[in-house]
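User: I have a chain open and would like to go through it with you. Can we take it bit by bit?

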Amino acid sequence: MGGARRDIRERHSKMAVESRVTQEEIKKEPEKPIDREKTCPLLLRVFTTNNGRHHRMDEFSRGNVPSSELQIYTWMDATLKELTSLVKEVYPEARKKGTHFNFAIVFTDLKRPGYRVKEIGSTMSGRKGTDDSMTLQSQKFQIGDYLDIAITPPNRAPPPSSRMRPY
């Protein structure tokens, strides 16, 4: 099968979420290849903004979610570049060269009530980047987590990231 199977529609529902692991543990575990012909896809609930900033965590509280939801059927080996192309299919304005996509996983905080956000990488329309081949699996995405994508139009600098870049 060439591309990712997907079904994008708007809907709201509650889902359970699991815990996180450290960066050191991520590096130790090699990814197992996924046979997309034999593996059932997962439902990825994606929330987007077009102002370059991620949603506030209070927008995910008490069973609520932001209204900008895309639902994508994909696999754990989906790359950020692949997910970028699926978002661009739905939002034509995001197809412009130089549009910046900043990805974050939103997950339930098991230590205290509410959600936490973990920025995982970024892509740009029309340019290759170091995070393009990063997968959901490599970032310990768990089924039930949300993906939040802050989209920044070209010629507008994305807000400073809290994520530290490795050197």
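User: Where is the place of K140?

Analyst: K140 sits in the loop between β4 and β5. Keep in mind that this is a predicted model.

User: What is the phi of K140?

Analyst: K140 has a positive phi of about 60°, although it is not a glycine. Most residues other than glycine have a negative phi.

User: And is K140 buried or exposed?

Analyst: K140 counts as buried because its relative accessibility is 14%, and the cut-off for buried is under 20%.

User: OK, step back. How many helices and strands does the chain have?

Analyst: The chain has two helices and five strands. Starting at the N terminus, the order is α-β-β-α-β-β-β.

User: How much of the chain is buried?

Analyst: Of the 167 residues, 47% are buried. The chain exposes about 9,800 Å², and carbon and sulfur atoms supply 52% of that area.

User: Now the inside. How many residues are in the largest nonpolar core?

Analyst: The largest nonpolar core has 24 residues. Those with the most contacts inside it are L44, L83, F103, L147 and I149. At least two residues of this core come from each of β1, β2, α2, β3 and β5. In soluble globular proteins, nonpolar side chains tend to be buried together.

User: Which residues is L44 in contact with, leaving aside neighbours within four places in sequence?

Analyst: L44 is in contact with L70, Q71, I72, T74, L83, L136, F141 and L147. Apart from the 24-residue core lies another core, of five residues, among them F47, F60, V65 and V106.

User: Which residues of α2 are buried?

Analyst: They are L80, E82, L83, T84, L86, V87 and K88. The buried residues of α2 pack against β1, β2, β3, β4 and β5.

User: And β2, how many of its residues are buried?

Analyst: Five of its six residues are buried, so β2 is mostly covered.

User: In which sense do β1 and β2 pair?

Analyst: β1 and β2 pair in the antiparallel sense, over six bridges. One example is V46, whose bridge partner in β2 is L70.

User: Why is R45 called buried?

Analyst: R45 is called buried because its relative accessible area is 1%, and the cut-off is under 20%.

User: What does the side chain of R45 make a polar contact with?

Analyst: The side chain of R45 makes a polar contact with the side chain of E69, at 2.5 Å.

User: Last topic, aromatic rings. How many aromatic pairs are there?

Analyst: The structure holds five aromatic pairs. One of them is F47 with F60, which is edge-to-face: 5.4 Å centre to centre, with 85° between the planes. This pair links distant parts of the chain, with F47 in strand β1 and F60 in the loop between β1 and β2, 13 residues apart.

User: Are F47 and F60 buried or exposed?

Analyst: Both F47 and F60 are buried.

User: Which residues do ring pairs link into a cluster?

Analyst: Ring pairs link F47, F60, Y115 and Y146 into a cluster.

Methods:
Residues are numbered from 1 along each chain as its sequence is written. This is a predicted model: local features need pLDDT of at least 70, side-chain atom pairs count only at pLDDT 80 or more; totals for chains, interfaces and linings use all residues. Side-chain values use heavy atoms; hydrogens and water are left out. Buried means under 20% relative accessible area, exposed over 50%, partly exposed in between (1.4 Å probe, protein chains only). A polar contact is a pair of N or O atoms within 3.5 Å; within protein, one must be able to donate a hydrogen and the other to accept it, and residues adjacent in sequence count only if both atoms are side-chain atoms. Rings of Phe, Tyr and Trp (its six-membered ring) pair if their centres lie within 6.5 Å; planes under 30 degrees apart count as stacked, over 60 as edge-to-face and the rest as tilted. Helices (H or I, at least four residues) and strands (E, at least two) are DSSP runs, numbered from the N terminus. Accessible areas come from the Shrake-Rupley method with a 1.4 Å probe; for residues, only the protein chains shown count as cover. A nonpolar core is a set of buried Ala, Val, Leu, Ile, Met, Phe, Trp, Tyr and Cys residues joined through side-chain atoms within 4.5 Å. Contact means heavy atoms within 4.5 Å. Two strands pair if DSSP finds at least two bridges between them.
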